[in-house]
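Me: I am new to this one. Please walk me through the terms and the values behind them.

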Amino acid sequence: MLQELYQEVIIDHGKSPRNSGVLEKATHEAEGYNPYCGDEVHLTVVVKDGVIVDLKFEGQGCAISQASASMMTEAVKGKNVEEAKAIFKRFHDALMSREDPDYDALDELASLTGVKDYPSRIKCATLAWHCLEDALEGQDA
Amino acid sequence: MIADQFPALNQKVNNRELVYLDSAATTQRPKRVIEAINRFYQQEGANVHRGAHELSRRATDLFEDSRKVLAESINAESREFVFTKGCSEAINLAAYSWGLANLNSGDRVLVSTMEHHSNLVPWQLVAEHAGASVEPIPVTDDVLLDLDALEAQLKKGAKLVAVKHVCNVSGTVNPIKEICLLAHEHDAVVVVDGAQSLAHCAVDVKDLDADFYALAGHKAYGPMGIGGLYVRWSILKDMKPWQGGGGMIRKVSFDGTTFAEPPERFEAGTPNVGGAVGFAEAVRFIQDLGIETIAQEERVLNKFAESELSALGIETIGGDPNKAGILSYNVDAIHPHDFGTICDQFGVAIRAGHHCCMPLMKRLGLAASARASLGVYNSKHDIIVMIEAIKEARKIFG
């Protein structure tokens, strides 16, 4: 059970986050914060012609929140904004649904669906995604 | 076994026997407390002070008898003991009644760095209103209050010192008597957050010489939603109401309203009678076991836990040699929330986070920690299961 939650890929992303840092010339940015557990994500994004050409995150928190942020940056980099939103919806629905998710469609994000069985941890897995939503909804910098 | 008296402890969590190590968040309740509350609702269930009937008279007696038991347990008079919905509300009462009337522009309020947000934020809110400032009293790396620094701060002039009796992160038992002596020499009043104390050490407000002492029922084997505030009579008698409503008045008219004497002056609305009855029964439960016996056994278990953790290279926060049974620690670089989830899979209930003490965590350079806190029902076996969870966490996070 615990092995399903803490798969190696999650531990790996948690320990060596991808796309870590701050983009100096971001067009969009947002802060995500969970006051109950203190998880933090700061996201900077460069959007050009409707495409997320680059994004980086900084943060601190549990392995789930940081791994999820790391995987998100890989999942949406190079995608257009609408595609990125669709990926979040697919991921979000997979976490909220009682049914087995479509693992193939989720690709690497499927490794995070173990949190389904730990309701108190779902907000850890979605923090970075909500932060991305906030960033994309914000005005161009 | 004392644990057998606690119905909620007798269950499985994730197919393991529940190991409850979160008593600093809330203690579980013994059957006799739950039964006392039930009895009130089954046999009286009436409002107090106002009804011209038998059930109301009995409810009033139960409520006032509970006040007497609770007041006497901390060596206070009944008229000095105000019922509140908890410890936070008790401190808010002190802040909004005494604080608003007595704090003026330029006054200084000294709050220890280890305070729970509930003994800091009310003072910030009221100080902002009054134009007063709130300053931290430093703590050492061992989470002991820096008394020399406090004395220097008092010499510069301060109206109030806010400090907790027992620290919910480090288990530190603060020298309240010494702090009150110091503060009084410099004409400051002392507000003590006693949320963690009743279940861990003897409380004698007259011996401590505290001016305000706030209590929580649910951290001392009583129900949630009930607490109390002790205020020295010479202060309480002149305090103005902070909430208006039924039960706290003498005469009401549109030309002006006069108020009841304390403690009723501060108890607007229908009180939590069932809660008061349960709280008093919880204090009787503690008295029957003997607080010295409880404290002694807790120290032994705490030492055992610390040595087990130390054997794994894990240090706990706080260096008070007489600390209460509270163990805050981090397992390597594993985030406490991840560790908490792993513990839960072993049926072990711990707390993870900042414990509502963000300034203290910042002082210690930590974002969060895991915390295991002990109650009368805990045994060495519980610690051993927690150690098992630590080993599993290390395996997963390798």
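Me: What should I know about the model before we start?
Reply: This is a predicted model, where local features need pLDDT of at least 70, side-chain atom pairs count only at pLDDT 80 or more, and totals for chains, interfaces and linings use all residues. Residues are numbered from 1 along each chain as its sequence is written, chains are lettered from A and ligands numbered from 1 in the order in which they are written, and side-chain values use heavy atoms, with hydrogens and water left out.

Me: How many helices and strands does chain B have?
Reply: Chain B has 13 helices and 16 strands. Helices (H or I, at least four residues) and strands (E, at least two) are DSSP runs, numbered from the N terminus.

Me: What makes chain B as compact as a globular protein of its length?
Reply: The radius of gyration is taken over C-alpha atoms, and the globule rule is 2.2 Å times the number of residues to the power 0.38. For 398 residues the rule gives 21 Å, and chain B has 22 Å, which is close, so chain B is as compact as a globular protein of that length. Along the principal axes, its C-alpha atoms fill a box of roughly 75 × 55 × 35 Å.

Me: How do you know that chain A agrees with a compact globule?
Reply: A compact globule of 141 residues would have a radius of gyration near 14 Å; chain A has 14 Å, so the two agree. The box for the C-alpha atoms of chain A is roughly 45 × 30 × 25 Å along the principal axes.

Me: Which elements make up chain A, and in what order?
Reply: Chain A has 6 helices and 3 strands. From the N terminus on, they run α-α-β-β-β-α-α-α-α.

Me: What share of each chain counts as buried?
Reply: In chain B, 57% of the 398 residues count as buried. In chain A, buried residues make up 50% of the 141. Buried means under 20% relative accessible area, exposed over 50%, and partly exposed in between (1.4 Å probe, protein chains only).

Me: Why is H335(B) called buried?
Reply: Its relative accessibility is 14%, under the cut-off, so H335(B) counts as buried. H335(B) sits in the loop between β13 (326-329) and α11 (336-345) of chain B.

Me: What does H335(B) contact, leaving aside its neighbours within four places in sequence?
Reply: H335(B) is in contact with D39(A), G61(A), C62(A) and A63(A). Contact means heavy atoms within 4.5 Å.

Me: How do you know that the span of helix α13 of chain B agrees with its length?
Reply: The expected span of a helix is 1.5 Å times one less than its number of residues. Helix α13 (residues 380-397) has 18 residues and should span 26 Å; its end C-alpha atoms are 26 Å apart, so the values agree. G398(B) follows α13(B), with a positive phi near 30°.

Me: Which residues of α13(B) are buried?
Reply: Among them are D382(B), V385(B), M386(B), A389(B), I390(B), A393(B) and F397(B). An α-helix has 3.6 residues a turn, so residues three or four places apart point the same way.

Me: Why is A393(B) called buried?
Reply: Its relative accessible area is 0%, under the cut-off, so A393(B) is buried. Not counting residues up to four places away in sequence, A393(B) touches I334(B), F339(B), I342(B) and G398(B). The C-alpha atoms of A393(B) and I334(B) are separated by 7.9 Å, though these residues are 59 apart along the chain.

Me: Why is K380(B) called partly exposed?
Reply: K380(B) has 45% relative accessibility, in between the cut-offs, so K380(B) counts as partly exposed. K380(B) also lies in helix α13 of chain B. Not counting residues up to four places away in sequence, K380(B) touches L301(B) and F304(B). K380(B) and L301(B) are 79 residues apart along the chain, with C-alpha atoms separated by 6.6 Å.
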